[in-house]
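Thank you all for coming; I would like to walk you through one model this morning.

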Amino acid sequence: MDPLCQAALLVTSPAAKAVALVLLVAFFVVAIAVVPLEFSFYRSLQRQPFGTAVALEIIISVDIVALLAGVVLDWYATPRGMILLLSLMIVLLLLTMWFVYWRYRLISALYSRATLKSQEELRRLLNDIAEARERSKRAPGDDEKDGGSGEEPTEERDDD
């Protein structure tokens, strides 16, 4: 390998290390903030299989931490380290695409279930409205629509 190229690999910029460290801390802060939201999302799924999505999230998080920690700790300062970095980046890309696919499937399942539930509620509400209209048409005080009940109003009602 060319000595100049090897020297460039061995020297990681202090600015790059500082940025990687800041990104690593930011990743942990965001991850800690998002975990409750993720749990509430998975709780809303109830019976849907979400083990793959959770495993992908964990693997993606580990990959991101390895990428950033490797920059801070100079893991990629050798040609072998650069191959490791490239491999981690490719794995991150593939896992992210797979994760997006699984997340889309879970959200679609949640949307479908919510749609079916709202359609059932709408049918029930429309049936209740129809029943209420039928009851109001057959109300006991509505003699004209029923053809009259044949009863005379009592005088007790007039005193009220």
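Predicted model: local features only at pLDDT ≥ 70, side-chain atom pairs only at ≥ 80, totals over all residues.

With which residue does Arg103 form a salt bridge? The partner is Glu38, and the closest N and O atoms of the two are 2.6 Å apart, where a salt bridge is a side-chain nitrogen of Lys or Arg within 4 Å of a carboxyl oxygen of Asp or Glu. The pair links distant parts of the chain, since Arg103 sits in helix α4 and Glu38 in helix α2, 65 residues apart; helices here are DSSP runs (H or I, at least four residues), numbered from the N terminus.

Residues are numbered from 1 along each chain as its sequence is written, and side-chain values use heavy atoms, with hydrogens and water left out.

Coming back to that pair, Arg103 counts as buried because its relative accessibility is 16%, and Glu38 is buried too, with a relative accessible area of 15%; buried means under 20% relative accessible area, exposed over 50%, and partly exposed in between, with a 1.4 Å probe and protein chains only. Glu57 joins Glu38 and Arg103 in a network of salt bridges.

The count of salt bridges comes to 5, and another of them is formed by Lys17 and Asp74, whose closest N and O atoms are 2.8 Å apart. Lys17 lies in helix α2 and Asp74 in the loop between α3 and α4, so this pair ties together parts that are 57 residues apart in sequence. Lys17, at 26% relative accessibility, counts as partly exposed, and so does Asp74, at 31%.

Arg135 counts as exposed at 53% relative accessibility, whereas Glu131, at 44%, counts as partly exposed.

Let me turn to the core. The largest nonpolar core has 16 residues, and Tyr42, Leu67 and Leu106 have the most contacts inside it; such a core is a set of buried Ala, Val, Leu, Ile, Met, Phe, Trp, Tyr and Cys residues joined through side-chain atoms within 4.5 Å. Two or more residues come from each of α2 (14-45), α3 (51-72) and α4 (79-137), with α4 giving the largest share, 7 residues. Leaving aside neighbours within four places in sequence, Tyr42 is in contact (heavy atoms within 4.5 Å) with Phe50, Ala53, Val54, Glu57, Arg103 and Leu106.

Finally, the helices themselves. With 59 residues, α4 reaches 86 Å from its first C-alpha to its last, close to the 87 Å expected, the expected span being 1.5 Å times one less than the number of residues. Its buried residues, including Leu85, Phe99, Trp102 and Ala109, pack against α2 and α3.

For α3, the end C-alpha atoms are 32 Å apart, which agrees with the 32 Å that its 22 residues should span. The buried residues of α3, among them Ala53, Ile60, Asp63 and Leu67, pack against α2 and α4.
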